[in-house]
Amino acid sequence: MDVSIGTIWEAVSRALPDAVAITEPGRDTTYREFDERASRLAAALEVAGVREGDTVACYLFNGSAYLETVFAAFKLGAVPVNANYRYTGEELSELLTDADAAAVVFSGALADRVTHAAGHVRTLKLLVRVGEPPAEGPAGPDVPALEALLAAHAPREPQPRPGSDRLFMYTGGTTGKPKGVIWRLSDLLHSLVVPVFHPLGVTELPATLHEAVAVALKAHHEGSAPTTMPVVPLMHATGLFNTMGALMTGGRAVTARPGGLDPQSVWRTIAEQRVGTAIVAGNAVTRPLVDELLRVERAGTPHDLRSLRQMISSGTALSDSLKRALHERAEVTIVEAIASSEGGPFAFAITSSVEDLPSRFRPVPATRVIGAGDRFVEPGSDETGVLAYCGPMPLGYYKDTEKSARTFRTIDGVRYAIPGDLARIEADGAILFLGRGSGVINTGGEKVHPQEVENVLLSHPAVQDCAVVGVPDETWGERVGAVVAVPPGTTLTGEELRDWVRRSLAGYKVPRSVVLTDSLPRTPTGKLEVAWARKAVQGSGAGDGT
């Protein structure tokens, strides 16, 4: 099926015009409205000079406008680009400059940050504001509002687009500047077969547009089409790609109010809208959700979780203690993926009840672990290698051929995506994920993988979140340090946590410095600023840090 995802959305919209496609606070958007609004925005972009292959940035909170902007870009053969809504004006300008952005659609609350881009990004042809700017403070540039722009333009006539059209997914950039990962839409479609089509009993990607529409019609009429809520931002690949899949199969995308995570609002929305699938990002998102469930239970007013059937998580670790809490309160299957913007998923840890715990990652058929000399690592060999994936993958990084060559490599005639995640294969074939290779700690010549230590710390019942980093040490070169989040009032000490780690791991892997805190600052996608964690550990010295 050599078609754009936008062309599939257009066909589904014609087949299910009155079905609700998107639900956001106070508003439902039908498939007909979704298509028409995107067509009007596409016309406005075209009039402004946006053409096939140009990039259109989404600097937006979750909501229908984000998906409409992606759809409008698809209609033109333009390239949607994600922009982190936490970026400052200068950070936004850097990303837009790197992406050669022709247009930016932005949330009104972020308007003041767009001012810098308006004056510094020379490729910009159109800025569009969604909603009003802040009541106080700088209002940002004087640009057209989305609703006025839609009213001023007739819908652009649909023109079928090929699967060679593209989408950029900028990586998080916690250890360097973000890079735009180039996905060809046909490859992205193939990568979504397992998460999007398999739950509907469709094991292969539909061969034609007609077959794709038939899948959506059948799922909608049978009531099996997904009602999906991206709790994570749509700028997160897992959030966007799974939501796009829901709209390809006649489902419905549900968003909570824009802004920061509001656990109470999330659970209420899930109950009110009968959400079946929630998309989260590891402990950073799931811990507040579980805390809210415990809070209302103590108050005798538990949330209604009867509709929830699946939670999908990727990007950062999701601890078994949180999975247990969810399984004890809902008949939910939790799908945790090792994946990246560069490709995958490499492996899944799937649990449907507490009996499935502790969870373990099982590789997909396209996954390999590659060791020294480009050899495949054998199960049970205790050799550490890098995760590699030979399934559908991106073309490379935008404007970075050197990094593309390092990440997307051909071995024995097969192309692999190798982002740098370290892993071992256990004797039974399970994957032991060890984190990104750039974070390996060298302490006295011994190599310590932060993820391995974090997994043990997270298994402690009082630990809510943690980060393990290496910091300079005169004797050992580096020492292992940990920043650990525990509930306020907890009497747990750093020495007790070191003893806990010592039970499972060699002595050189035990953190010499432990800093206890109430919480770790993370991005909406669950990523931690490594420099912040290192500074916190260094400030504590080599002692307890409590």
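Tutor: The model is a predicted one, in which local features need pLDDT of at least 70 and side-chain atom pairs count only at pLDDT 80 or more, while totals for chains, interfaces and linings use all residues. Residues are numbered from 1 along each chain as its sequence is written, and side-chain values use heavy atoms, with hydrogens and water left out.

Student: Which residues of helix 1 and helix 3 meet?

Tutor: Ile5, Gly6, Trp9 and Glu10 of helix 1 meet Leu67, Val70, Phe71, Phe74 and Lys75 of helix 3. Contact here means heavy atoms within 4.5 Å, and the helices (H or I, at least four residues), like the strands (E, at least two), are DSSP runs numbered from the N terminus.

Student: How many aromatic pairs does the structure hold?

Tutor: There are 10 aromatic pairs in the structure. One of them joins phenylalanine 34 and phenylalanine 71, with 4.7 Å from centre to centre and 45° between the planes.

Student: Why is phenylalanine 34 counted as buried?

Tutor: Buried means under 20% relative accessible area, exposed over 50%, and partly exposed in between (1.4 Å probe, protein chains only). Phenylalanine 34 has 0% relative accessibility and therefore counts as buried. Phenylalanine 71, also at 0%, is buried as well. Another tilted pair is formed by phenylalanine 168 and tyrosine 398, at 4.7 Å centre to centre and 45° between the planes. This pair links distant parts of the chain, 230 residues apart: phenylalanine 168 is in strand 7 (residues 166-170), and tyrosine 398 is in the loop between strand 18 (396-397) and helix 14 (401-407). Both phenylalanine 168 and tyrosine 398 are buried.

Student: What lies over the face of phenylalanine 71?

Tutor: Lysine 75 does, at 4.5 Å from the ring centre. A charge sits over a ring if NZ of Lys or CZ of Arg is within 6 Å of the ring centre and within 35 degrees of the ring normal. Lysine 403 lies over the face of tyrosine 397 in this way, at 5.1 Å from the ring centre. Phe71 also belongs to one aromatic cluster with Trp9, Phe34 and Phe74.

Student: What makes the link between serine 513 and arginine 479 a polar contact?

Tutor: A polar contact is a pair of N or O atoms within 3.5 Å; within protein, one must be able to donate a hydrogen and the other to accept it, and residues adjacent in sequence count only if both atoms are side-chain atoms. The side chains of serine 513 and arginine 479 make such a contact at 2.8 Å. Serine 513 is located in strand 27 (residues 513-517) and, at 0% relative accessibility, counts as buried.

Student: Is aspartate 100 buried, partly exposed or exposed?

Tutor: Its relative accessibility is 30%, so aspartate 100 counts as partly exposed. Aspartate 100 lies in the loop between helix 4 (89-99) and strand 5 (101-107), and has a positive phi of about 55° although it is not a glycine.

Student: Why is valine 254 called buried?

Tutor: Valine 254 has a relative accessible area of 1%, and therefore counts as buried. Valine 254 is in strand 10 (residues 252-254).

Terms used:
Rings of Phe, Tyr and Trp (its six-membered ring) pair if their centres lie within 6.5 Å; planes under 30 degrees apart count as stacked, over 60 as edge-to-face and the rest as tilted.
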